[in-house]
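Visitor: I'd like to learn how to read the inside of a protein. Could you walk me through one?

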Amino acid sequence: MTDSSLPTELFGYDYYQNPYPAFQWLRENSPVHEFRFPVGDVRTWIVSRFDDVHALLGDPRFSNDAEAYASQEFLDSGMVLGADTVVSRILTVLDPPDHTRVRKLAMGAFTPRRVAQWKEPTARIVASALDRLEKSENPDAVEYASAIPAEVIGEILGIPLDRYNDMLDAIDRAFRPGDDKDAISRAFEEIAEYGRDLIREKRKSPGDDLMTVFIQARDGDDRLNEDELVAMLALMIMAGLDTTRNLIGSAILHLLDHSGQRRRLAEQPELMPSAVEEFLRYDGALTVGLFRFAKEDMEFAGTPLPAGAPIVAALQSANRDPERFTDPDRLDITRNGPRHLGLGHGLHNCLGAALARVEAGIAIPAVFERFPNLALAVPRNEITYSENWLLRGLTALPVHLYGADTR
């Protein structure tokens with residue numbers, strides 16, 4: 001089912017560049033909207049209002065586990081996350097009790113003590129990334145934003161991310177609409193194989209790092225099996241690289257767009273925590289959540305859904321819902337009040353949220369402190385977003401470091 005009244009086709013090029021007009025139309029006209037997902041032409045529903053998205057993410061009648069609950073049409077589409085690889089069993093698709101067991105172990109690695117320890121290496125890595133940006137012949141703020149999570153994740157996990165660009169490419173291919181099933185499966189397998197290689201190396205030289213924590217959970221008392229261990233590392237790589245890159249890059253762009261907010265943040269650096277939350281709300285790293293599937297025939301928000309129905313939570317639509325947020329299309333780094341859904345909600349809320357906040361909270365102000373006259377190096381309408389159904393990320397962000405007249 002499609003609707004010609006939509007301002008842009010869902011999951012088409014114009015939607016990827018600016019999904020917010022479509023989200024507004026959905027909230028006002030079809031809050032639980034049936035359409036055909038472009039990959040596999042699958043009958044799908046998208047939920048757009050804050051209250052409904054919030055409810056969907058916490059509703060136990062739905063599961064993220066496609067292999068167990070998705071319709072046959074969806075299974076045949078090539079959209080099953082990590083199909084035929086260990087990535088299909090990452091934490092974000094597990095249901096209890098496996099989810100409870102694996103997440104409890106993972107959260108044990110994200111203790112307040114460890115989070116506090118991440119600030120110093122992150123600041124050091126950011127300073128180094130700024131040095132490289134300053135020396136670049138063609139400065140690109142997305143390259144700056146990309147380098148930081150790669151090096152931070154590498155240090156925290158205790159692994160070299162020497163194939164960082166390969167992994168970013170694999171992640172992009174894994175979530176790129178239009179690729180065939182085999183191409184998507186190969187992309188996920190590349191991520192999994194990289195994880196296996198890293199695990200083999202880390203077993204030879206354990207240390208005081210998260211990778212060793214996960215391996216000890218596998219090798220110590222078998223709380224993780226080998227596939228779960230590989231899947232955990234694959235999740236850390238996928239979630240830790242692209243999402244943080246997108247958040248930092250987008251925040252830099254929006255501060256360039258909003259000079260008043262930029263000046264206020266420079267004058268009041270204590271606003272950075274609330275600014276990070278506002279960047280996540282205003283134009284976060286995830287446009288939508290992973291597919292959820294109806295476990296049985298049901299009614300949700302007044303809409304009948306058949307068992308196996310794939311349903312998409314439009315996170316960024318929820319974050320612009322005027323029923324939840326005052327003047328939601330305005331960037332306001334002093335905003336407080338209702339919580340956004342930029343990092344999800346419920347069983348599958350973002351595992352690495354604390355790390356993302358640490359990295360963004362250091363990397364975003366640092367670039368403007370080093371380069372207070374930072375400006376776009378291309379016309380604003382030439383800035384584009386990648387065609388990725390899950391993630392919202394800039395393809396590039398060329399900048400002048402010392403002002404718009406610098407060549």
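This is a predicted model: local features need pLDDT of at least 70, side-chain atom pairs count only at pLDDT 80 or more; totals for chains, interfaces and linings use all residues.

Visitor: What volume does the largest pocket have, and which residues line it?

Guide: On a 1 Å grid over the protein atoms alone, a pocket is an open set of points with protein on both sides within 12 Å along at least five of seven lines; a cavity is a set where a 1.4 Å probe fits but cannot get out, and lining residues have an atom within 4 Å of a point. Points are joined across faces, edges and corners, and a volume is the space filled by probe spheres set on them. The largest pocket has about 230 Å³, and its lining includes Arg262, Arg263, Phe368 and Glu369. Helix 13 (259–267) gives the largest share, four residues; helices are DSSP runs of H or I, at least four residues, numbered from the N terminus.

Visitor: How many cavities of 30 Å³ or more are there?

Guide: Six. The second largest cavity holds about 140 Å³, and Asn64, Ala66, Val80, Leu81 and Val93 lie nearest its centre among 16 lining residues.

Visitor: Which residues have the most contacts inside the largest nonpolar core?

Guide: A nonpolar core is a set of buried Ala, Val, Leu, Ile, Met, Phe, Trp, Tyr and Cys residues joined through side-chain atoms within 4.5 Å. The largest one has 126 residues, and Phe11, Tyr144, Ile252, Phe279, Trp389 and Leu397 have the most contacts inside it. Its largest share, 18 residues, comes from helix 12 (residues 226–257).

Visitor: Is Thr8 buried or exposed?

Guide: Buried means under 20% relative accessible area, exposed over 50%, partly exposed in between (1.4 Å probe, protein chains only). Thr8 counts as buried because its relative accessibility is 15%. Leaving aside neighbours within four places in sequence, Thr8 is in contact (heavy atoms within 4.5 Å) with Asp14, Tyr15 and Ala22.

Note on methods. Residues are numbered from 1 along each chain as its sequence is written. Side-chain values use heavy atoms; hydrogens and water are left out. Helices (H or I, at least four residues) and strands (E, at least two) are DSSP runs, numbered from the N terminus.
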